[in-house]
Amino acid sequence: MSVQNERSRPVDRRVRVQGSPVDAYPALAPEAERGAMRRITVVGEEVLSRPCREVTEFGTPELSALIDDMFLTMYVADGAGLAANQVAVGLRLFVYDCPDDQGIRHVGHVVNPVLELPGPESRRLVDDFEGCLSVPGAGLPVPRTDRAVVRGLDKDGDPVVIEGTGYFARCLQHETDHLFGHTYLDRLSKRDRKDALRQMADRREDVFARREAKAARLGR
């Protein structure tokens, strides 16, 4: 097929759940209805700076409950992704509900993710704004590749492959970084890192107040 025909093909705009399109999906993932709020860790806490452990037990009530709680916590904080160590659990797991640059919504979770980025010959870096629920109120441009693939497992141990472009590719890279004990601050210059920490100091209380208000609206 020619490039022109490929570009003219209609885009499937259905929501992608665990990488697969679905015909209908609610505003909040069903997991959030079962979840309980957890406190989000803040940069400087030790759990955010150490590599997370591989998940070795699948299909357990504990793992399902953690994922449910992470979805609800992410929504209350108006996040697009959340890693397990951001709720003080040092396991290799993250959840996401994030649009790509075409406006297609991607929802799901990945256990024991392995990130794959384009090779140097096809890699395109995009310097764009990035924030983090564990650095409340701060945000600065961070260079990331415009495409990314994550391979891992779901909560039952079945394989998943998640492909992302644009903003969603940024999300996949950001959350995988967390599982290695890194935040986006680690990708900044010393000057920009200080700027981000100043932003957080100035704005964090307002962020916490908004989270409390949203939790109340959701009845949590």
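Predicted model: local features only at pLDDT ≥ 70, side-chain atom pairs only at ≥ 80, totals over all residues.
**Exercise 1. Which residue stands opposite Gly139 of strand 7?**

Solution, step by step:

- Start with the pair itself: Gly131 is the residue that stands opposite Gly139 in strand 7.
- Now widen the view. Strand 6 covers residues 125-131, and seven bridges join it to strand 7. The two strands run antiparallel.
- Finally, look at how strand 7 sits in the structure. Strand 7 spans residues 139-145, and five of its seven residues are buried, so the strand is largely enclosed by the rest of the structure.

**Exercise 2. What does Gln199 touch?**

Solution, step by step:

- Locate the residue first: Gln199 belongs to helix 5, which covers residues 190-217.
- Next, check its accessibility. The relative accessible area of Gln199 is 11%, which is under the 20% cut-off, so this glutamine counts as buried.
- Leave aside residues up to four places away in sequence, and Gln199 touches Gly137, Ala138, Gly139 and Leu140.
- Gly139 is back from the first exercise. Its backbone nitrogen lies 3.0 Å from a polar atom of the Gln199 side chain.

**Exercise 3. How many disulfides does a search of the whole structure find?**

Solution, step by step:

- The search finds zero disulfides.
- Take Cys52: the nearest cysteine sulfur belongs to Cys132 and is 13 Å away, and Cys52 is in no disulfide. Cys52 counts as buried, at 11% relative accessibility.

**Exercise 4. Is Gln18 buried or partly exposed?**

Solution, step by step:

- Gln18 has a relative accessible area of 23%, and is therefore partly exposed.
- Gln18 lies in the loop between strand 1 (16-17) and strand 2 (20-21). Its phi is near 55°, a positive value in a residue other than glycine.
- Asn112 is found in strand 5, which covers residues 105-116. At a relative accessible area of 10%, Asn112 is buried.
- Phi of Asn112 is positive too, at about 50°, although this residue is not a glycine.

Technical notes: Residues numbered from 1 in each chain as written. Heavy atoms only, no water. Helix = DSSP H or I, 4+ residues; strand = E, 2+ residues; numbered from the N terminus. Buried < 20%, exposed > 50% of the residue type's maximum accessible area, 1.4 Å probe, protein only. Polar contact = N/O pair within 3.5 Å; in protein donor to acceptor, adjacent residues only side chain to side chain. Contact = heavy atoms within 4.5 Å. Disulfide = S-S within 2.5 Å. Pairing = 2+ DSSP bridges.
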